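Hello,

Here is the structure I promised to pass on. Please have a look at it first, and then read my notes below.

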Amino acid sequence: VRQVDVKDSNAAVGQTIRPAASTNSGNNPNWVFSGPWQTWVGAVSEVFTNENNWSPVGAPTPSVRLLVDGCYTTAPILSGVATAAQMIVGGYTTAMVTVNGQLTIMEHVEVQPNGTITHSSNSTTALGERYKLNLTVNGNLDIQTNARISVDGKGYLGGNGPGIAVGSYAGGAGYGGRGGQHDPGTPGTTYGSITSPTNLGSGGLNGSGYTGGAGGAMRLIVS
């Protein structure tokens, strides 16, 4: 919801509504009018920190609240470091925020229906761990129905990574322990931590060859 003038609208029995760039004209239960808000439009590029990709124009700052609701030309990708007061992803149509750097939110994050937070897909062992999701939330993190924070399939490609299985038969990739074995193949070797996993996953092996991308890596700090 954006750019509306609201009066006598009772949302008490439904989802809390946080309109962007809007006016509270009174008697609106369960509406939260706070700001200032910036809405992602992605008119120039995918660069999260480019001020011209936001409406009104301006790069994210610790005092600004961010809305990424899917009404954009290009989805945002953060490659460096950014800080904002609050962020809402989704809620209207399919919306995705890709965090390859470090994103800090001073208050709350809501991933509403149709919203996703992720990182970009990694590729080969030679290129290493290029992309990981690092998100710090100094408040509540609310992941709602049909919303997600996911790095499924965003790790190493099949046949890549330090824990790949070797052989002509199926075998699981290792991570924090050896992978599963299917004779006469060699299971994936151990790497990473079993208690504090921070590395990308390695691709496994099935009877037809190496499988697709393994799991990615995320670090969430929510306080």
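The notes below cover the aromatic rings and then the largest pocket.

This is a predicted model, where local features need pLDDT of at least 70, side-chain atom pairs count only at pLDDT 80 or more, and totals for chains, interfaces and linings use all residues. Residues are numbered from 1 along each chain as its sequence is written, and side-chain values use heavy atoms, with hydrogens and water left out.

There are four aromatic pairs in the structure (rings of Phe, Tyr and Trp, the last by its six-membered ring, with centres within 6.5 Å; planes under 30 degrees apart are stacked, over 60 edge-to-face, the rest tilted). One of them joins Trp40 and Trp54 edge-to-face, at 5.1 Å centre to centre and 80° between the planes. Trp40 is in strand β3 (residues 37–40) and Trp54 in strand β4 (residues 54–55), so this pair ties together parts 14 residues apart in sequence (strands are DSSP runs of E, at least two residues, numbered from the N terminus).

Phe48 and Trp54 have ring centres 5.4 Å apart and planes at 85°, so they too are edge-to-face. Trp40 is buried at 0% relative accessible area, Trp54 at 1% and Phe48 at 1% (buried means under 20%, with a 1.4 Å probe and protein chains only).

The lining of the largest pocket includes Val1, Arg18, Asp69 and Tyr92.

Best wishes

Terms used:
Helices (H or I, at least four residues) and strands (E, at least two) are DSSP runs, numbered from the N terminus. Buried means under 20% relative accessible area, exposed over 50%, partly exposed in between (1.4 Å probe, protein chains only). On a 1 Å grid over the protein atoms alone, a cavity is a set of points where a 1.4 Å probe fits but cannot get out, and a pocket is an open set with protein on both sides within 12 Å along at least five of seven lines; lining residues have an atom within 4 Å of a point. Grid points are joined across faces, edges and corners, and a volume is the space filled by probe spheres set on the points.
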